[in-house]
Amino acid sequence: MYDAGKIIIGLVVFLALVSYPIWYDAARGDIPTSADPKIVTAEKECVAPTDYMKDSHMDLLNQWRDDVVRKGVRVYTAESGRKFEMSLSHTCMDCHSNKSEFCDECHNYAGVNPYCWDCHIEPEEVQQ
Amino acid sequence: MNAFYALFAVILLLLVAWVGVGTVDLYSLFGIIIPYLAFTIFILGFLYRIIKWAISPVPFRIPTTCGQQKSLPWLKSSKLDNPHNAFWTIIRMALEVLTFRSLFRSTRAELREGPKITYGDTKWLWAGGLAFHWAFLIIILRHYRFFVEPVPAFVLYLQSMDGLFQIGLPVLYITDAVIVVAASYLFVRRVFIPQVRYISLFADYFPLFLIGGIAVTGILMRYFTKIDVSAVKELTLGWINFKPAAPEGIGIMFYLHLFLVSVLFAYFPFSKLMHLGGIFLSPARNLANNNRAKRHVNPWNYDVKVHTYEEYEDEFREVMKEADLPVEKE
């Protein structure tokens, strides 16, 4: 091999970059490998089914925002026929008052930084 | 025709993943075995190609130069375009790799108004290529959010810059739009410029369609069909910790995306995509032009057996004297 020193340094850099997650996670040792959002409500029914909420809650919230702010519509009728007030601070956070254990759990896990709290006041959490 | 074959190949790949996951439920094949296999082929193939290139000797400095060579101290030399030492070579390489400098400067020749040759620039190709590569790099770096827990700060920073305009929800990433537009431009250019179409092969169209397919499936699952992102990260962290498990709750669009990415990784070492490593081994770029300043010995020179005049004379001195031939030593 010619210029072996330089080429091997290059290859080591390449391998380090592509394997970075493996040794980083291995070095950290005991890492949580899944998100575990805690639901702390007596309410049995959400505004939409769990599967839909998992994938698409942001779409629903976006729709609610547009309906409330632009159209003045404040009532959401769920598929079950139940009516809800379209409100993040009230309807959503009434049941899911534990932002740090519910919202943040998955958002931090997936590296998502939603800008809800740029406008809304972050709910005060009761320390347990 | 090559473009159609490449398009059909990518559609076929999508169908394979669609049938494999959508109807036959081969989750662990498409979610674990194929990704692992593809990554292994990528690493080993990459190393193989680089080492194979590295064992080819480069006996002489052959950089392409575009400026005055360094010679006498009172002659101004062009350090960047005719680098004479490692430092300026590294600067030139860095500009080449990061900004595609030689593509920026390249020209195209066309015959216009009869036999008159006209030179034009290739700035659109340069801009399209640069946009494509940078968008692709940022997209790959953004994907580290799935592989590292907790998510590194630089990934969060990249994401916030990429989604700076906060269009829609989830926010539109600028790079998502850029890579689709740039890849489309690079494809359209191949089809519409006759000379480029003439030299375009299957191997030119296939990676374009493959990367285009990856971008489109990624965009579809982020903005339209939606997937359970937490479940995806459980799968990816499973690969990283070598405890893979394929959860079934992830949408089909994810598996289409993943299968195309796997094919791209496995195909990488055998294709033109190896320019990722090859650019660093380009002798026309990565050598300093010091041919006249330093002596470069050909590495495959072997010891030539010579018979010098002294040895000749030693051998035949007596005979030469008898024949009255002049000799140097008595």
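How many residues does helix H1 of chain A have, and how far does the helix reach from its first C-alpha to its last? Helix H1 (residues 4–18) of chain A has 15 residues and reaches 21 Å, close to the 21 Å expected at 1.5 Å a residue (1.5 Å times one less than the number of residues). Helices are DSSP runs of H or I with at least four residues, strands are E runs of at least two, and both are numbered from the N terminus.

This is a predicted model, in which local features need pLDDT of at least 70, side-chain atom pairs count only at pLDDT 80 or more, and totals for chains, interfaces and linings use all residues. Residues are numbered from 1 along each chain as written, chains are lettered from A and ligands numbered from 1 in the order written, and side-chain values use heavy atoms, without hydrogens and water.

| Class | Residues of H1(A) |
|---|---|
| Buried (under 20%) | Ile7(A), Leu11(A), Phe14(A) |
| Exposed (over 50%), on the face turned away from the buried side | Lys6(A), Ile9(A), Leu17(A) |

Helix H2 (27–54) of chain B is included in what covers them (contact means heavy atoms within 4.5 Å).

Methods:
Buried means under 20% relative accessible area, exposed over 50%, partly exposed in between (1.4 Å probe, protein chains only).
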